[in-house]
Amino acid sequence: MKSKQELEQSLKKLDESARKIIQTRGYTREVEKIKILEEMIKEQLRNEDSRSTASSSR
Amino acid sequence: MKILAVQLLRLGDVLMCVPALKRLKEQYPEAEIHLLMNDSCRKLEELLEGVDEYLYFERSSLQSAIGAAGQSVLLAHDMLAARVRDWGREDYDLLINFTQNRLSAHLCSLIEAKRKVGMHYSQGLALRFNNFWLSQLNRDESELADGRLHYTDLFQLATSTGRLGTGQLRARNVGTSKEACSRLVIQALSSDTKKDMSASFVQNLLLKLNRDGANFTEVMFIGAPDEEERLRKLIEGFDGQNITVRIEICSLAEAKAWIESSALMLSVDTSTKHIAAFTETPVVELALGGSDRYRTGVYQEGAVIISSQVDCFPCSHSQDCPLEQRLCETELDAQAVFEVIEQRVQGHELKQSEAIDSSGIRVEVVGYDGFGFWYLNPVNKARSEELFRLQIARANCHIEAQAGNSRFGPQIGHLSFLMKEFCEGQLEDSQKRQFRDYLGSMIQQQRRRQEELGRDLLAIDNHSQSPLANVGPVVHITSQRRQSFAVRGQLEKLNMELKLVENLDQHLMEIS
């Protein structure tokens with residue numbers, strides 16, 4: 001498992017990548033995918049609404 | 001036709017969509033309905049009916065790929081891209097997102113569909129809903145016209161018109177029917193410890209049941225495999241002479257079978273209470289911690305919801321309780337809960353008692369209003385003032401929805417229901433005043449809007465051309481741009497309803 005710091009770095013990199021793509025090619029499907037990954041990292045960092053995480057099931 | 005329903009939250013959230021999925025199937029009987037949910041919800045397949053195909057968002061493996069040491073996030077990106085490509089091949093006619101988080105909005109933007117409703121991004125810039133009801137999911141109470149619409153109602157309203165109702169939930173491939181007995185089945189734990197029953201509460205309740213209870217011979221605690229140890233700790237040391245206490249670790253389908261064969265279920269706010277709502281077994285829910293009982297309370301007529309009256313309840317869903325002992329749980333008096341359980345299992349109408357009155361707990365009963373809206377009413381009150389205000393707010397919410405939506409339907413029915421009650425003298429004087437005030441302000445509001453837009457939206461008027469003219473000045477709903485058969489059909493339906501009303505003219509004269 002990556003550390004919190006590594007996850008934060010990944011989040012930062014993803015954010016920068018998304019921004020660069022938007023600047024050069026506009027809001028593409030690639031950006032949407034990156035945004036999804038960002039959201040999932042945020043969940044792992046627990047700084048998002050916990051409703052978006054899924055509990056363990058039976 | 002192919003429809004994709006998306007629900008990317010938890011088990012309980014998927015279960016709250018069941019009635020809406022059923023209505024979708026009724027509305028589009030020929031359509032293939034696919035359901036996209038988190039892979040952690042796979043076990044629901046054996047419970048749900050009416051879904052033709054299940055798709056899974058592999059959240060856990062994607063998160064593992066992101067979180068793996070020495071692994072680039074590109075791996076997760078490629079996994080996601082492959083999955084989205086697969087879904088895109090389905091060529092959906094309609095996508096409905098029942099989820100209210102950004103992740104689902106991005107995902108729904110990526111999946112190809114001819115029409116999309118529910119939260120999604122449009123070209124990455126604007127957050128779109130294309131549906132009034134689903135847009136309400138993401139709003140704070142202060143912003144919402146009503147603020148207390150149950151999610152199950154919202155999901156149903158988003159999918160079709162007409163009276164709301166419960167959906168069926170059937171375990172398809174589980175033949176393990178259990179022998180019915182005077183059993184109290186308890187779901188004491190959830191995925192959020194703030195919502196759980198404490199050991200002291202459980203022990204006190206068991207003592208009461210053992211000493212004073214005459215309705216149960218067995219108390220069964222159900223749970224998932226990872227809850228077994230915690231459940232054992234809850235009942236540790238209890239030795240009852242009159243009741244048998246046991247723990248049953250089971251699947252969701254088995255849990256449903258146990259609930260069905262029990263006399264009553266006591267549950268905290270978790271998925272099994274939603275399963276219980278689809279059975280005949282009466283439910284008593286303990287709403288603790290961040291339980292939002294107005295939006296996610298048990299969807300079963302006559303069910304009882306017990307909550308604390310402490311100021312911090314309900315707390316924020318995502319924050320831990322800063323106190324060593326949760327106030328909402330400390331206030332939970334086992335004697336009062338025991339009395340509610342006893343009254344409920346005997347099928348009596350719930351009454352206040354000294355224990356309930358002095359305990360600091362709030363006891364509310366689930367009902368459905370004339371239009372099928374879920375509501376909570378304090379025990380011993382036919383209809384509280386608060387509830388009446390709420391019903392008016394809901395009627396208004398319907399009207400607001402109509403103003404921004406080309407579909408006519410439930411909004412008219414709901415208003416006519418209130419009007420019928422008003423005209424038939426079923427309302428208290430103060431309620432009549434409120435309803436008159438409401439109608440008065442609505443007329444003014446609609447006239448202002450009409451002037452602004454230069455067209456009719458909704459008016460209460462004596463309209464000679466209206467199909468309702470023969471019953472006098474009535475609710476006349478029209479739009480110059482939308483004189484469709486559907487609208488006319490609704491007007492005729494409304495006419496039929498209003499014909500039942502006596503002295504309508506006189507009452508409406510009073511209003512004006």
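Why does Ser160(B) count as partly exposed? The model examined here is predicted, and the answer lies in a count of neighbours. Ser160(B) has 17 C-beta neighbours inside 10 Å, so this residue counts as partly exposed. Ser160(B) sits in the loop between H7 and S8 of chain B. Beyond its neighbours within four places in sequence, Ser160(B) is in contact with Arg23(B) and Gln27(B).

The overall scores of the model come next. The ipTM is 0.73 and the pTM is 0.77. For chain B the mean pLDDT is 76. In that chain, 67% of residues reach 70 or more. Confidence in chain B is highest in S11(B), at 97. It is lowest in strand S16 (residues 458–461) of chain B, where the mean is 36. Two stretches of chain B call for caution. Over residues 141–146, pLDDT stays under 50, and the model has 11 contacts there beyond four places in sequence. Over residues 455–512, pLDDT also stays under 50, and the model has 84 such contacts.

The two chains can be described in turn. Chain A has 2 helices and 0 strands. Of its 58 residues, 31% count as buried. Helix H2 of chain A covers residues 29–44, which makes 16 residues. From its first C-alpha to its last, H2(A) reaches 23 Å, close to the 22 Å expected at 1.5 Å a residue. Buried residues of H2(A) include Val31(A), Ile34(A), Ile36(A), Leu37(A), Met40(A) and Ile41(A). Charged residues are also on that list, among them Glu32(A), Lys33(A), Lys35(A), Glu38(A) and Glu43(A).

Chain B contains 20 helices and 17 strands. Of its 512 residues, 46% count as buried. Among contacts in chain B with a separation of 6 or more, 61% come from residues 24 or more positions apart.

The domain assignment divides chain B into domain 1 (2–159), domain 2 (183–378) and domain 3 (385–511). The C-alpha centres of domain 1 and domain 2 of chain B lie 30 Å apart. Across this pair, 14 residues of domain 1 are in contact with 15 residues of domain 2. On the domain 1 side, helix H1 (11–16) and helix H7 (151–159) of chain B are the elements that give two or more residues. H1(B) gives the most, with 4 residues. By class, this side of domain 1 has 6 nonpolar, 3 polar and 5 charged residues.

The interior of the model was examined next. In soluble globular proteins, nonpolar side chains tend to be buried together. The largest nonpolar core here has 126 residues. Ala5(B) and Ile306(B) touch the most other members of this core. The core draws at least three residues from each of domain 1 and domain 2 of chain B. Which residues does Ala5(B) touch, not counting those up to four places away in sequence? They are Cys17(B), Leu21(B), Ile33(B), Leu35(B), Ile96(B) and Phe98(B).

Helix H10 (residues 252–260) of chain B also has buried residues. These are Leu252(B), Ala253(B), Ala255(B), Lys256(B), Trp258(B) and Ile259(B). What covers them includes four strands of chain B: S8 (183–187), S9 (218–223), S10 (244–249) and S11 (264–268). Helix H11 (271–276) of chain B is also part of the cover.

Two backbone details complete the account. The peptide bond from Phe313(B) to Pro314(B) is cis, with omega near -10°. Pro314(B) lies in the loop between strand S13 (304–308) and helix H13 (327–330) of chain B. Asp91(B) is a residue other than glycine, yet its phi is positive, near 55°. This residue is found in the loop between helix H4 (73–88) and strand S4 (92–97) of chain B. Is Asp91(B) buried or exposed? Asp91(B) is exposed, because it has 10 other C-beta atoms within 10 Å.

How values were computed: Residues are numbered from 1 along each chain as its sequence is written. Chains are lettered from A and ligands numbered from 1 in the order in which they are written. This is a predicted model: local features need pLDDT of at least 70, side-chain atom pairs count only at pLDDT 80 or more; totals for chains, interfaces and linings use all residues. Domain bounds come from an automatic or database domain assignment. Two residues are in contact if their C-beta atoms, placed from the backbone, lie within 7 Å. The expected span of a helix is 1.5 Å times one less than its number of residues. A residue is buried if 20 or more other C-beta atoms lie within 10 Å of its own, exposed if 12 or fewer, and partly exposed in between; C-beta atoms are placed from the backbone. A nonpolar core is a set of buried Ala, Val, Leu, Ile, Met, Phe, Trp, Tyr and Cys residues joined through C-beta atoms within 7 Å. pLDDT is the predictor's confidence in each residue, from 0 to 100.
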